[in-house]
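Student: I have a structure to go through. Can we take it step by step?

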Amino acid sequence: MVNHQPLFPLKLKKQSSEITYTNTNENKIQLKKTMGYLEGVCFIVGTIIGAGIFVSPTGVLKYSLLNVGVSLIIWTASGIISLMGALCYAELITALPFSGGEYSYIKRALGSPVAFIFLWTAMFNRPASNAARALLFAEYAIQPFYGECPAPEMAKKCLALAVLWFLGILNGRSVKMAAWVQIVFTFLKMMALSMIAIGGIVLLIRGKKKNTARFENAFSAEIPDAVQISEAFFQGLYAYGGWWSLSYLAEEIKNPSRNILWTVVTALPLVIIFYLLVNISYLTVLTPQEIVSSGMAGESVFLIHKRVIPSFAWIIPASVAISIFGALNGSVFTLGRLSYSASQSGQLPIIVSMLNIHHSTPAPAMILSTVIATAFLISSDLISLMNYFGFSIWLMTGLTCTSVIILRYREPDLHRPYKVCLPVAFGMVAISLFLVLVPIIWSPKVQYLYAFLFMVGGLLLYVPFIHFRIHFEWLDNITCYLQLLLEVSPANYKSE
């Protein structure tokens, strides 16, 4: 065992038939600021809008006891909570424009051990989520070819693997191409949602009694109790998941002090408006009982198009697949930045922090996250196990919003182009704490204990390898070989 020695940037030189690497400090290799306002909006909107808008309306209505007025209030309130969180993150992003997202902020405010627990959990939880999205995409993309028969599981897994690796390689090779894909699929899914919304709203405008009655008596059904309202909020907030994605683009956003805030205040209200219009469309064409009984994701939408524009019923699986693909692309992008930033801080092997010398992309980080997601995809049982880590998302959100408060008092002179109102930050901490405790207290399961022990168990790796910096010499040899194979080099700076 030896002390860890930092590697120097390497420059690729071609000499006749052989390739050699030489040390240089003149070669500037770093993430490029290639994303503007449009790309930022598309990354937030495209990451948020996935399968949630096709799944959550059923759950929100179910736990709202089929009360139309309450369900629409919950959809609006869920969007406002997401906007509050995004505004808290905006202060951190503009003040600390690093790629690691929540990891970077938690590390700065709460210390390295807490940041490592977040990293340890996210390195498994988020790839599992990507694997689940890839499988869901494959299900909707392949099902039309099998008609009424169920698609073979092997075919779905093969397509999911192909999509997962396609996006992993794409994001590892070109930031511009990844951004272009996100823009295109964001516009496609917005068009699909527009068709869904317009189909129902046209009927609402026509003013037929059976279509408007549900809104005239919006609060006539039974009012849910506190437990049911909290469950409905879980369903609604699930559909808004991904609002934090912009924090992972911080180093690549042009003029972040201006574009970050404008991106947030554009993207979140846009999603809220679209979600409300889609839900109004659902409730115009279908009764609350029909929506709840439809069960499967997209089945409610299928019924809408079957009644309004039946000749375009094929668009249903296509719409769901497009939405999931765009969300998966955004998630793959952000996960790579997380491991890249953690490696720069010395909490992952140094090879993960290296950038491709031709494209300045974190190729090793993308490969690592894709390999982990592949393991979850091959063994689908692991995905269901990771569902019990859902509370950890809001735990880390709460810790990140706590970081806003701590840094405001600990580092008052830190340059902050934008400051969120502290009551908003305190409110997000309280909401996050509530959302963490609710599933544990009201529906206790031993799996939650296992999930907590797994999170804390990350410290068993942190103490020897991070705190005491134990290092094995053979890792340097592997790092050297991987550098040559992947043509990567350390970035010329280190984020905090």
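Student: In which helix is leucine 433 found?
Tutor: This is a predicted model, where local features need pLDDT of at least 70, side-chain atom pairs count only at pLDDT 80 or more, and totals for chains, interfaces and linings use all residues. Residues are numbered from 1 along each chain as its sequence is written, and side-chain values use heavy atoms, with hydrogens and water left out. Helices are DSSP runs (H or I, at least four residues), numbered from the N terminus. Leucine 433 lies in helix 17.

Student: Which residue forms a salt bridge with glutamate 91?
Tutor: A salt bridge is a side-chain nitrogen of Lys or Arg within 4 Å of a carboxyl oxygen of Asp or Glu. Here the closest N and O atoms are 2.6 Å apart, and the partner of glutamate 91 is arginine 408.

Student: How many residues apart are glutamate 91 and arginine 408?
Tutor: Glutamate 91 sits in helix 3 (residues 68-95). Arginine 408 sits in helix 16 (residues 390-410). The pair links distant parts of the chain, and the separation is 317 residues.

Student: How many salt bridges does the structure hold?
Tutor: Side chains of opposite charge can pair when their charged atoms come close. The structure's total is six.

Terms used
Helices (H or I, at least four residues) and strands (E, at least two) are DSSP runs, numbered from the N terminus.
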